[in-house]
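Here is a friendly walk through a surface patch, some charged pairs and a helix crossing. Please keep the structure open beside the text as you read.

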Amino acid sequence: MINEWLAVTIAAQAVTASTPLILAGCGELVAERAGVLNIGIEGMMLTGCVTAFAVTAATGNGWLGLMAGILAAMAMGALFAVMAINARADQIVAGMAINLLAIGVSGALWRSLQAHDVTEMSQTAGFERSWLPHAWQLTAWLTDLPVVGPLIFQQYGLSLATVGLLMLTWVMFRRTRLGVVLDALGQAPDAAAAAGEPVRAWRWGAVLFAAGCAGAAGAYLSIMRTHAFVPEMTGGKGFVVLALVMFGRWRVGWMVGGCLLFGITESVQQHLQSLPGSRAWPYQTFQVLPYVVAIVALACLSRSAPGPAALGKPWPAER
Amino acid sequence: MTSIWQFLREPLVAVGAGLIALVLVLIGLAVSGFAPADVLSTAWTGVAGSPLRLAICAQEAVPLLLCGLAATLAFRAGVINIGLEGQYLLGAVTAVGVLTSHTGSMAMPWIAMLAGACAGAGWCAIAVALERRRGVPLVLSTILLNVVAVHVVGMLVQGPLHDPLTAAPQSALVPDASRLPVLVAGSGLHVGAIVALGCAVGLWLLQRRTTVGFEWEVIGLNPTAARFAGIPVVRRELTAALGSGAIAGMAGAMQVAGVSFFLSTDAPSYGYVGIAVALLGRLHPLGVIPAALFFSSLDLGSRQLERRLNIPHDIGNIAKGLAVAAVLIAGALSVRSRGRS
């Protein structure tokens, strides 16, 4: 039953499904290694998702929508930073506040779009599946390649950008001073401060970067993957990203592996749902599978690495 | 002077945060062309326009109060239980199972609430076991279990608990005889409201007057110190986690037995909002009561605004988020100013 064609389809779907997770995960990883646990990532994704859709539907320009989504999520990130970094509130609690606010903001924006009858965006306004220009003769040939075509060339441009961002992040942590500073913020912020690093400013930067990535990931869901918006569209994907960053032991490569594993379970469950015999079970039986896999994967692997020592702790420790 | 300030600081911070949120929302609406006076008076008729509206406001506050208490119990002991949402849903679906499978009687809602509490505690126990045995942080496991719980409810109301009389994804109705007695005719304000208030006072007494409550407080403030003081930290944290899961589960069961009488795939849950209520109540069992009433009046007021002035009711949720953000910032500022003086 599992023939070669099916395997490629599932793998291509997995790449499409895991792109937003990898993108948001990249940002979350940077924030967490700088010592900030950003539970508000779900709300930031949702904000990016609805804003990108609203702006794209209103202006007909997908690029404007993407930028707006990223900026809106960064505004949420700024509020989070004020609470968690400046006011030294509990990071988890501050993140929950962001999530609550995002549900309200996205709902209000969506309902006012409905009131103005802007609930659909033109298919040409969003982004297309193939990221190569159509004008090129080569494009058709490349996208029709047997395995490489669906896996690489029939994906959205943001998938490619995500790969680039991942490489930059990896190099940053491995090879640059900035990477060392960020790790110091997460492992020993007092030492970083003693060495003259502005801890709060760096953490602000990390949070804004994480928020921007989450916003782009949210925009991917609405203006690229579906060309539509539904209330609470992110449906817990941001929370999955948190789990996957931990599953990946705060390392870029492992995190990507976790996201791909989740993407594969996601596309396998979609395939299972489409099988003729699946009508016997409620569709939730399949939808829940990736989340169960995420929990089981965490249970199998989370003992092995403690994570950044100062993760989730406000700085400075005493007032 | 200092003592009065200390006594009033927490309530002032909470009230101030609520007012800031309201003012911000009113400014936002004024910019969109709605006069603040109109908005306030319209919202007020939705909250307190008649005795019946007041009763509905109290009815809506009951699940918020219970979930807020559940969060208060856990957070005070340093147990970050973000899984109230899932524990609430498990309690609700268990109650539906119990109530719809037995013939109606006076005792049934109470049995269902007990079963719901057990289910909520059990769902939380999975997360605790994952943390103890496998090192998965409670924050992550509870958050993922919330998503799983939503799907479990979906599976059950379309599978074993599905109402055969309808194609919609919803459970059968709870029999009339198994419903909680109503306090105010015409509203859904049921006997459970008294139970919820009792829980608030009970938790307050537990925290203020018992050894366990004191030990929870110490663990929440400094787990290392608690361990050196000989407090059985692991066991106390377990009771706090299971206790908060049980309260959340009972809240779900109570809502089914007293207000909604069935469960569908898009049934609201009060778990996440409950955390916000607890924060606005400054993690004080009695402070949670006005915080829950404030949130339920935001709900009712914003729905009235949607009906009368065509303003999306989601501004109620925006106000809730802003209130929590404001209370976090104001709380930090008030502590800092005390430290300087």
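## Patch, pairs and a crossing

On the surface, I4(B), W5(B), F7(B), L8(B) and L12(B) make up a nonpolar patch with about 520 Å² of accessible area together. Patch members have over 30% relative accessible area and no salt bridge, and nonpolar side chains (Val, Leu, Ile, Met, Phe, Trp, Tyr) are joined within 5 Å. F7(B) belongs to helix 1 (residues 2–31) of chain B, and it counts as exposed at 66% relative accessibility. Buried means under 20%, exposed over 50%, and partly exposed in between (1.4 Å probe, protein chains only).

This is a predicted model, in which local features need pLDDT of at least 70 and side-chain atom pairs count only at pLDDT 80 or more. Residues are numbered from 1 along each chain as its sequence is written, and side-chain values use heavy atoms.

Over all chains there are ten salt bridges, defined as a side-chain nitrogen of Lys or Arg within 4 Å of a carboxyl oxygen of Asp or Glu. Among them are these:

| Pair | N to O distance |
|---|---|
| D183(A) and R33(A) | 2.8 Å |
| E237(B) and R132(B) | 3.7 Å |
| R179(B) and D176(B) | 3.3 Å |

R33(A) is buried, at 13% relative accessible area, while D183(A) is partly exposed at 22%.

Finally, the axes of helix 11 (residues 271–280) and helix 12 (residues 288–309) of chain B come within 8 Å and cross at roughly 125°.

Key: Chains lettered and ligands numbered in written order. Patch = residues over 30% accessible without salt bridge, like charges linked within 9 Å, V, L, I, M, F, W, Y side chains within 5 Å. Areas by Shrake-Rupley, 256 points an atom, 1.4 Å probe, with all protein chains shown as cover. Helix = DSSP H or I, 4+ residues; strand = E, 2+ residues; numbered from the N terminus. Axes fitted to C-alpha atoms, helices over the stretch in contact; angles between N-to-C directions.
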